[in-house]
Amino acid sequence: MRSASLPHRMTLLVLREANQPVKQIQVSKPFVIAVPIAALLSISGLIISLQMQSGHTISRLEDTLRLQNLKFEAIVTDKNEAIERLQSQVITLSGQSKELMDRMERVSELEAELQSFIDKYGSKGDAGKLSSLSSLSWDESLGRGGEFIAVHDQEIEELAQETSDDFLEISAMLDEIEKNVPTTLQKAKQTQYSISGTPSEWPTLSTRLTSNFGYRTDPFTGKAAFHAGIDISGKIGDPVYAAAAGKIIAAESNRSRGKYIIIQHPNGLQSWYMHLSEIKVSEGDAVKKGQTIAKLGNSGRSTGPHLHFEIVKGDKKVNPLSYLQ
Ligand SMILES: [Zn+2]
């Protein structure tokens, strides 16, 4: 390209292959200047627009990444919180379980006490039932297995909650048992004592014997006679106690016995109380062991205030001292 003679026009020479003619193109000078400028401008525009586009894309990508990051952080926080909740629940449960174990131990001691009481006094049938109840057990060392099924966090939380509820329920049950067992034991002892058919309770305050069971000289006739019971001295009005639980089958008086009471005991024995000053029970009454049934006296064939006490086994009079404590 070179300048032409005309001031406002320029000639472009297009050189092609050697054997071909040179081609001349006349163009105006402003056009020659405008074209490169326009090209320059459009290239710059393209570059700027590309830069802007890539800028947008990058910032969109950055936004997306930031959002994803936030989501991940939220998930991780949730997981951490869930783990912390589980851990604290497990800690609480283990504490409760420790407490329950201690209380189970106490209940177990009470049960053992009840068991030994029943073994001592109760029927063998009942004792068998109790021991079979307390011998229920399981052993982790024996065969165990099954399919592995993964558990979701939420299920574990629910399980922990349920376990916690169960513990509360067990704890309440134990409260009740712990409260009841000593009372039951006490009642059982009292019941055993009061329904015991063996006349073993000493029937008066005084323990001074004035006449023993067996042959003696009769205080009225001076002749040999059989004394079918024991005479215990005392003061008129002293309480007379039932030697064992039973039913009053006689509460009356005659010339020889004076005011007298006969108690029929559940195991077939009878206890007889004579020469009373006052009778406090009626025929048909149920009495407990140790209950006051009368006042000591001097009624009937008696030389002074005393209680004549007999025990009858079947239809045979036996020595009361072999029964009394
Ligand atoms: Zn007598």
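Q: Let's start with Ser206: buried or exposed?
A: Ser206 counts as buried because its relative accessibility is 19%. Buried means under 20% relative accessible area, exposed means over 50%, and partly exposed is in between (1.4 Å probe, protein chains only). Before we go on, this is a predicted model, where local features need pLDDT of at least 70 and side-chain atom pairs count only at pLDDT 80 or more, while totals for chains, interfaces and linings use all residues. Residues are numbered from 1 along each chain as its sequence is written, and side-chain values use heavy atoms, with hydrogens and water left out.

Q: Where is Ser206 found?
A: Ser206 is in the loop between α3 (153-195) and β4 (209-211). Helices (H or I, at least four residues) and strands (E, at least two) are DSSP runs, numbered from the N terminus.

Q: And which residues is Ser206 in contact with?
A: Setting aside neighbours within four places in sequence, Ser206 touches Ile232, Ser233 and Gly234. Contact here means heavy atoms within 4.5 Å. The Ser206 side chain also reaches the backbone oxygen of Ser233 at 2.8 Å.

Q: New topic: what are the protein donors of the zinc ion?
A: They are His227 (NE2), Asp231 (OD) and His308 (ND1), lying 2.0 to 2.2 Å from the zinc ion. Donors are N, O and S atoms within 2.8 Å of the metal (3.2 Å for Na, K and Ca); water is not among the atoms, so sites may look incomplete.

Q: What spacing do the donors follow along the chain?
A: The pattern is H-x3-D-x76-H. Both His227 and Asp231 are buried.

Q: How many residues are in the largest nonpolar core?
A: That core has 22 residues, and those with the most contacts inside it include Val240, Tyr273, Leu307 and Phe309. Elements giving two or more residues to this core include β10 (258-264), β11 (269-276) and β15 (306-313). A nonpolar core is a set of buried Ala, Val, Leu, Ile, Met, Phe, Trp, Tyr and Cys residues joined through side-chain atoms within 4.5 Å.

Q: What is Leu307 in contact with?
A: Leaving aside neighbours within four places in sequence, its contacts include Pro203, Ile230, Val240, Tyr273 and Leu296. Asp231, one of the zinc donors, is also in contact with Leu307.

Q: Which strands form the open sheet of three strands?
A: The order is β8-β14-β12, with antiparallel pairing. The edge strands are β8 and β12, each pairing on one side only. Two strands pair if DSSP finds at least two bridges between them.

Q: How many bridges does β14 have with β8, and how many with β12?
A: β14 pairs with β8 (residues 239-241) over three bridges, and with β12 (residues 278-279) over two. For instance, Tyr241 has Thr292 in β14 as its bridge partner, while Ile279 stands opposite Ala294 in β14.

Q: What about the phi of His275?
A: His275 has a positive phi of about 60° although it is not a glycine. Most residues other than glycine have a negative phi. His275 lies in strand β11 and is buried, with a relative accessible area of 6%.

Q: Last one: which residues does the "transmembrane region" annotation cover?
A: The unreviewed UniProt entry gives residues 31-50. UniProt positions are in the numbering used here, feature names are shortened, and annotations may be inferred rather than shown by experiment. In the model, residues 31-50 are 100% helix and 0% strand, with end C-alpha atoms 28 Å apart.

Technical notes. Polar contact = N/O pair within 3.5 Å; in protein donor to acceptor, adjacent residues only side chain to side chain.
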